[in-house]
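Here is my notebook on a structure I have just opened.

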Amino acid sequence: MRIDLHTHSNVSDGTQRPEELIEAAAQAGLDAVALTDHDQTAGWAPARATAQKLGVGFIPGMEITCQDHQGISVHLLCYLQDPEYLPLLNELEISRNSRVIRAQRIVERLAEDYPVSWDLVSAHCQPGATVGRPHIADALVTAGVVESRNDAFANILSSRSRYYVSHPAIDPRDAVRLVLEAGGVPIFAHPMANLRGRVVPEETFHDMIDAGLAGVEIQHRDNSEEGKKFLTSLAKKNDLIITGSSDYHGAGKLNRLGENLTEPDMLQRILDAGSGSQASL
């Protein structure tokens, strides 16, 4: 089986509707795909319906933005959680609101030097979608400042840029606990993506494992080779689920569907552990 467990639609920061994403997954020869939009599950229903029509397995998921005690960003994938679990929904609402405030502040800083505005950014974000830096990157492309999202994130929108603004987010340990309470399976997304910025220290991994972290995403283009070795060793020592994924965003990133895959036995462990919602396989 060809299984990709990390993709985004325009419900968050991808460029395709959920239905279009599933159609692309079928064309890419995937047997199963997870939709993991940022802090949102609104794309599940249309994605599942299209997957069933096309004979593609569908795993409902989400990506939660967190921040550890050192202020380092942590992205937590989760699968098969209850989309109506109120404590988790409340945290996601706080996160979405803080994302808007953060994005507005970034745009204010950028507008001092570049022809961008909040209206231009909003035009690149679907109504109700989780706004984020990718939408600002799209606005920069439209304004002719950069050629692509990747160019924007490599410089102007990087965490090292003077335009960067951090925002408060849930502690990853608390996020892990909430996902588990919601019947979901928490997986640490691209944990060693050092080109994106600082990566968490080893103690954060162990704190998350102690809280119930189920697995780590190892095969991802942004994880360093040294980081993959560390993660593989960590997974073996702690019996963690290992996943591989594309982190596909449509035209928003170079990442291609199926460029990294998850083994069927690891997907089965996720299916066995999740109880908040059902996959369609």
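I found Asp-239 in the loop between helix H9 (225-238) and strand E7; helices (H or I, at least four residues) and strands (E, at least two) are DSSP runs, numbered from the N terminus. Its phi is positive, about 55°, although Asp-239 is not a glycine.

A note on sources: this is a predicted model, where local features need pLDDT of at least 70 and side-chain atom pairs count only at pLDDT 80 or more, while totals for chains, interfaces and linings use all residues. Residues are numbered from 1 along each chain as its sequence is written, and side-chain values use heavy atoms, with hydrogens and water left out.

Next I looked up Leu-80, which is not a glycine either and has a positive phi, near 65°. Leu-80 sits in the loop between E4 and helix H3 (86-110). Is Leu-80 buried or exposed? Its relative accessibility is 2%, so I wrote down buried.

Then I turned to the cysteines. How many disulfides does the rule give? The count is 0, taking a disulfide as a pair of cysteine sulfur atoms within 2.5 Å. Cys-66 is in no disulfide, and the nearest cysteine sulfur, that of Cys-78, is 9.2 Å away. Cys-78 is likewise in no disulfide. Cys-66 is buried, at 1% relative accessible area, and Cys-78 is buried too, at 0%.

Helix H10 (residues 264-273) was my next stop. Its buried residues are Met-266, Leu-267 and Ile-270. Seen down the axis of H10, they fall within an arc of 100° (taken from the directions from the helix axis to the C-beta atoms), so they line one face of the helix. Among what covers them I listed strands E1 (3-4), E3 (57-67), E4 (73-79), E5 (185-188) and E7 (241-244), with contact meaning heavy atoms within 4.5 Å.

Last, I checked how helix H8 (residues 202-211) lies against H9. Their axes come within 12 Å and cross at roughly 30°. H8 and H9 are therefore roughly parallel to each other (angles under 35 degrees; over 145 is roughly antiparallel, 65 to 115 roughly perpendicular and the rest oblique). Which residues meet there? I noted Glu-202, Phe-205, His-206 and Ile-209 in H8 meeting Phe-230, Leu-231, Leu-234 and Asn-238 in H9.

Methods:
Buried means under 20% relative accessible area, exposed over 50%, partly exposed in between (1.4 Å probe, protein chains only). Axes are lines fitted to C-alpha atoms, for helices over the stretch in contact, and angles run from 0 to 180 degrees between N-to-C directions.
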